[in-house]
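Q: Please go through the aromatic contacts in this model and set each label against its cut-off.

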Amino acid sequence: MRPSGALPGSLSALGCLVGLALVVACAGARTTAEWGASLSDRERETALAALPPEARESLMPLSQIFYERITHRRFNSRATFEDPAMRQFFPTVAAYSDYYAALADALDLAHIRYDRPTRIELLGIEPASAGSLRLSLRFVGRNDLPLRWWNAVLERTDEWRWQGGRWWVVPGKV
């Protein structure tokens, strides 16, 4: 006779397997969130080789800060548009406005719900011109289309320019 409240061996083993799967899933989620994890050291060195040392050192942390400011924020809202922390990455208000309008439109066309990306991944870096780099990015967010439970994805390239001793985001043509 089994004591009351004890689970049969198969249910206990199932509970252990579910717990183990949750631990593995949580550990895997932490490792994929690292900014630029998909880039090899060689790819980074090749893209940054022609830049001064301070530019090489500051690009990755600065770009991570910028894209984290976009993540989990409704991008087509006035509060996000007027955020001074976002504007500091652009040389002029006009440049910021152009970038903002283009990205808000692209997020809308990609059907990312509320224009709010939940994750942004750095896929690659390549030299664009003297002192400029192109960052290949993947914006991921909930799908805004009805009956689509999967995520919507937007892949785009942003240009960053080293000028005057600091990095600037260069807007594309609107």
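Q: Why is Phe139 called buried?
A: Buried means under 20% relative accessible area, exposed over 50%, and partly exposed in between, with a 1.4 Å probe and protein chains only. Phe139 has 0% relative accessibility, so Phe139 counts as buried. The model is predicted: local features need pLDDT of at least 70, side-chain atom pairs count only at pLDDT 80 or more, and totals for chains, interfaces and linings use all residues. Residues are numbered from 1 along each chain as its sequence is written, and side-chain values use heavy atoms, with hydrogens and water left out.

Q: What makes the pair of Tyr67 and Trp160 tilted?
A: Rings of Phe, Tyr and Trp (its six-membered ring) pair if their centres lie within 6.5 Å; planes under 30 degrees apart count as stacked, over 60 as edge-to-face and the rest as tilted. The centres of Tyr67 and Trp160 are 6.1 Å apart and the planes stand at 50°, so this pair is tilted. Tyr67 is in helix α3 and Trp160 in strand β3 (residues 151-163), 93 residues apart. Helices (H or I, at least four residues) and strands (E, at least two) are DSSP runs, numbered from the N terminus.

Q: How do you know that Trp160 and Tyr67 are buried?
A: Trp160 has 0% relative accessibility, so Trp160 counts as buried. Tyr67, at 1%, counts as buried too.

Q: What makes Arg87 a charge over the ring of Phe81?
A: The rule asks for NZ of Lys or CZ of Arg within 6 Å of the ring centre and within 35 degrees of the ring normal. The charged end of Arg87 sits over the Phe81 ring, 4.9 Å from its centre.
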